[in-house]
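Subject: Structure handover

Hello,

Please find the structure below, with notes on what was found in it.

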Amino acid sequence: MLFPEFDNPLWPLWSQVSRPSRYSGSEWRFPRSDVRREGKDTLSVCLAFPDVYEIGMSYYGFQVLSPFLSGLPDVVVDRAYCPWVDMERLLRENSLPLTSVERSIPLSQFDLVGFTLQHELGYTNILTMLDLGGIPLRWEARDEHPIVVAGGPGAFAPEPVAPFIDAFCVGEGEVVFPELLSTLRKTRGARREERLAECARLPGVYVPAFPHPVRRQFLPSLEGAYLPDSMIVPSVSVVHDRAALEVFRGCSRGCRFCQAGTTNRPVRERDPETVVDAIERLVRRTGWNEAGLLSLATCDYSAIDRVIEMLTPLLMKEGVHLSLPSLRMDGFSVNLAARLQKVRRGGLTFAPEAGTQRLRDVINKGIDEESIFTCLDQAFSKGWDRIKLYFMMGLPTETEEDLDGIVRLAQSAVRVARGRKRKRAAVSVSVAGFVPKAHTPFQWEKQNTIEEFKEKGRYLKSRIKDKALSLKYHEPEQSFLEGVLARGDRRLADAIELAWRKGARFDGWSETFDLKRWLDAFEECALNPADYTRARERDEALPWDLVDVGVTKAFLWRERCAAYDARLTPDCRVACGACGLNCATPAPEVVGL
Ligand code: SF4
């Protein structure tokens, strides 16, 4: 499909919306992407992020996928973000379509529109984007329209949005996308149904029109894997305003609540020289003064010390500082943070997740009291005043003692600060409602109700007396909806569409979220949301069973049993837990199943 020349058609509306910079498309990138390469074989791809620009521009996945796909023969790539509610209203009033950021092309004119499903509460924004982009909401009603694809964590439990998506990419984009694009090119001109049937034959592609089992595809190693040469630099500030590079994929810790921990296995590291070269290049080409070393747990990167040592001269010369997205709760991590943040000792964030050692063992968090207190002591002694602690409430087996443990731990943090004479110390506690996720050992668990979450939140708040302590808990209504959608089946699509028609938008944002629309939609669709947050039987068929992420259900159940015994499973880089991926040397004999 050829790209016509377009001016940005939205500019007359900019003065009427909040943050018009979201729509201006003014970005900088090297090399520039506007080289016209369209020919008869060209496939046009629009990567679509179902949230506002400043959130979507912070998403590393598109920063990599965009140049990766552009580098494939005869592929042109653009991006689109969800317009905020004020711009949506104006687009509708003026009968204007949603267009892509770089070339202002309506979504309906692309060959492929590819969504990333980062969070369940973004599902209604997908419908907004399809509708404004001129694409029918459901694949049954599409004809000469783009093929609508979705990937990301939501693709591991795809059924609630299956009627809106032509094909899901299950696994890593670098593996699944090239084959998918080449199939779409080969079948161009064929009937839509035939094209989708061809796509359904590809490894890692799930086509809801032809329900079939699908296996997650991933790179065996990051050696020789695609490395971005540069990044797209927005001209407005975005949530993560920095150059970034993924240093490893996967996580070996085995936290039992964590979906990313199972669906990104196994650990695959980049070699340190590659990381250093790439960071140097990214910093020079983008001009950012912050560079992030990304992964699920960067302190676990085996070459972290070496990389920091090698990068230090450059970073000092260029005035760039390195950031790590998450810190482990131990002395090593705090020392690392101290090396990286020589001047700005703003705040440090840690995630003990649970208030007692027993519950931390249940979730296999793998940190003990001693590490926690060493970590806090070092943080305050090295000059930090503000510490943020993340916890969850509603975890399996939780009792009142565990809730008290949250308060006790936070209070002890304040005592440690006072012991270190940090008079201005402030400890903030953030508590989120636990949402059981598909493909985790807790996928069979019952989720707390809204009332239970509220009661626990109120209880925790009532126990906080110290002025140096503050506590916030995440909106229980949003956790409830997230839980319904996270373990949902295809029947939920009707409720998603109905809630959207009733006005549901940006459900992850508290200023726009309204539970009533959803409850009305569930009722009108004759669905009981509690059916989705209930406990599941061990042998019950689960809506996401058709997705094989490589980790066996037997392993997940084994881990669930270990959780109920508060039994730890070691880091799988130390001892393979026989999860089913067979990535390591012979697994130890597993007993119990
Ligand atoms: S096979 Fe073993 S080492 Fe590999 S991801 Fe699974 S538990 Fe970890």
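Of the 75 residues in the largest nonpolar core, the ones that touch the most other members are Val113, Phe115, Leu117, Phe168, Ile496, Trp518 and Phe522. A nonpolar core is a set of buried Ala, Val, Leu, Ile, Met, Phe, Trp, Tyr and Cys residues joined through side-chain atoms within 4.5 Å. Buried means under 20% relative accessible area, exposed over 50%, and partly exposed in between, with a 1.4 Å probe and protein chains only. Another core, of 71 residues, lies apart from this one and includes Tyr60, Leu245, Leu311 and Ala410.

This is a predicted model, in which local features need pLDDT of at least 70 and side-chain atom pairs count only at pLDDT 80 or more, while totals for chains, interfaces and linings use all residues. Residues are numbered from 1 along each chain as its sequence is written, and side-chain values use heavy atoms, with hydrogens and water left out.

Beyond its neighbours within four places in sequence, valine 113 is in contact (heavy atoms within 4.5 Å) with residues including Cys46, Ala48, Ile135 and Val148.

Next, the sheet. Helices (H or I, at least four residues) and strands (E, at least two) are DSSP runs, numbered from the N terminus. Two strands pair if DSSP finds at least two bridges between them. An open sheet is formed by 6 strands in the order E3-E2-E4-E5-E6-E7, with mixed pairing. Strand E3 (75-81) and strand E7 (205-206) each have a single partner strand, so one side of each is left without a neighbour in the sheet. Helix H5 packs on the sheet, touching strand E2 (43-49), E3, E4 and E5, and its direction makes about 160° with that of E4. Such angles run from 0 to 180 degrees between N-to-C directions, the axes being lines fitted to C-alpha atoms, for helices over the stretch in contact.

How much of E2 is buried? In E2, 7 of its 7 residues are buried. Leu43, Val45, Leu47 and Phe49 point one way from E2, while Ser44, Cys46 and Ala48 point the other way. In a regular strand the side chains alternate between the two faces of the sheet. E2 runs parallel to E3, joined by 7 bridges, and leucine 47 stands opposite arginine 79 in E3. E2 also runs parallel to E4, joined by 4 bridges, and valine 45 has leucine 112 in E4 as its bridge partner.

Regards
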